[in-house]
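Here's a quick briefing to read with the model open beside you. Take the topics in any order you like.

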Amino acid sequence: MILAGILDLWNTSWPAGVTILVLGLGFAVALLIASIKLRVEVDPKIEQIHQILPHVECGACGFAGCSKYAEAVSKNPVLIGKCAPGGKSTAEKIAEILSLQISDPGAPLKPVVHCRAHTDDKTYYAKYQGIPSCTAANALPNVQACKFGCLGFGDCTRACKFLAIRIVDDLATVNYEKCTGCAACSKACPRNLIKMVPFRHENMMTVACSNKETGKVTRSMCRVGCIACGLCAKQTPVFTVEDNLARVDYEKYLPTPQTETALNKCPTGVIIYIGQNAPAPRQPAEKPVTAKA
Amino acid sequence: MDRVYVLLMGFLSVIIVNNFVFTKFLGTCPYLGVSGRLDSAFGMGMAVTFVTALSGILTWLVDFYILTPLHLEITRYICYIIVIAGAVQLVEMYVRKFAPSLYDTFGIFLPLISTNCVILGLCLFISIWGTNNLLEVAVLSTGTGLGFTLAICIMAGIRETLILVDVPECFRGAPITLITAGLLTLAFMGFAGMIK
């Protein structure tokens, strides 16, 4: 009885099975022939390079993704150091695959926010209620008194793929532990506050301000702005004052007693340490200090 | 003239009135997944158009010349899947070899689409509709692809502007996308019944 049933099933269904098999075999053979005839020669080096890349697809190298970068770097070895998340070790591995020697790639570039004004430090003329984006807010003249400082709407936060930059009390704050140095935040900032800086030491000193107004004007709009008094430049040539704004020469910076003095003497406390586990910034003097410059 | 009219109506029908995304809810995964940016959405749409046209015609040929004469309509599903996957693979290899620039722009979408429901859905619908000439099949399957392109491009355009909107926290991301998709479907419901 069961046997008859099975036989019956077989008799009615074999054409279906055969058709599917023939169709499948036909395509299998066609694909096999195609894979031999239409083989695209890929340089095995590209495959190898692609495998050692970090696969975060961040685009810091300027290409559409890791596979595109692998292709480009195999053709043009000048691009070897472009992979920011991979850093030095990836650059060395790529050089090994391409059998090249690389010179020292230098210190890794990390973003530095050139502003330290939190909500309480800033002066506002009015409350902004438009599109919550720095680019949009920056198009308006009077969102906040300072035309140079951080707007705090987080264009950099949205640009960051590694959750390494956050807005804390209206100020972009970098988490250097998570940061890979891909420069996405630096490109996103409409006020160009975030600059990529060579980190030669674990903690770097920076002048966290971008305000180019004269000391008096700066003072009137921000508690922690650089008033260009020049006290820091008198201590050490690492600091220079230009356009009413003190700057650190990051290439020359070394932690010395002079730079430490400069940091402590700064009347508005705008010189701060940045980096992983950087010491907390000094609180600015409560009383307004008269500008000397 | 009558034939041209029928073809034109069929073409408009699958694009606007019986759009696969809006009325049959097929192909929703690329519709929601690749609609983040307009240029990639358009690339996806073009790739889908190509694959629908190709597989619609091929499966109809298989159905008309092999399956129907042998009374094997029951095996449509499996045969169609074999035909679609095989043909798309072949075309992908061919494009990669002979048109690398074209491959760079939409090649990555091809293998993703070959297993998409809008393709198999179209092939099965063509059998259900009982379409019995090749030209009609070609027009309908190209139209389906263009309808998908229309849907995904509208969606991508909306989502690009949606980024700048102050959406309530609980609706951010996927929820607002789904709501948008629903509203868009509602809007397209206005066309329902205009063409059979």
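Predicted model: local features only at pLDDT ≥ 70, side-chain atom pairs only at ≥ 80, totals over all residues.

**Chain A overall**
- Chain A comes out with 10 helices and eight strands.
- Of its 293 residues, 33% are buried.
- Take the contacts in chain A with a separation of 6 or more: 59% of them join residues 24 or more positions apart.

**The nonpolar cores**
- The largest nonpolar core has 67 residues, and A:Val113 and A:Ile271 have the most contacts inside it.
- Helix α3 of chain A (residues 66-75) supplies the largest share of this core, at four residues.
- Where does this core lie relative to domain 1 and domain 2 of chain A? Both domain 1 (44-97) and domain 2 (109-275) give residues to it, so the core sits between them.
- As a bit of background, nonpolar side chains tend to be buried together in soluble globular proteins.

**Where the chains touch**
- Chain B puts 18 residues into the contact, and chain A puts in 16 residues.
- On the chain B side, α5(B) gives the most, with 11 residues.
- Sorted by class, that side of chain B has 12 nonpolar residues, along with three polar and three charged ones.

**Helix α8 of chain B**
- This helix runs over residues 117-129, which makes 13 residues. From first C-alpha to last it reaches 18 Å, close to the 18 Å expected at 1.5 Å a residue.
- Which residues of α8(B) are buried? They are B:Val118, B:Ile119, B:Leu122, B:Cys123 and B:Ile126.
- Looking down the axis of α8(B), you'd see these buried residues fall within an arc of 140°, so they line one face of the helix.
- The general rule behind such a pattern is that an α-helix has 3.6 residues a turn, so residues three or four places apart point the same way.
- The cover over the buried residues of α8(B) includes α2 (20-23), α4 (38-67), α5 (76-98), α7 (110-114) and α9 (134-162), which belong to chain B too.
- Just past the end of α8(B), B:Gly130 takes a positive phi of about 70°.

Conventions. Residues numbered from 1 in each chain as written. Chains lettered and ligands numbered in written order. Helix = DSSP H or I, 4+ residues; strand = E, 2+ residues; numbered from the N terminus. Expected span 1.5 Å × (residues − 1). Buried ≥ 20, exposed ≤ 12 C-beta atoms within 10 Å, placed from the backbone. Arc of directions from axis to C-beta. Contact = placed C-beta atoms within 7 Å. Nonpolar A, V, L, I, M, F, W, Y, C, P; charged D, E, K, R; others polar. Core = buried A, V, L, I, M, F, W, Y, C linked by C-beta atoms within 7 Å. Domains from an automatic or database assignment.
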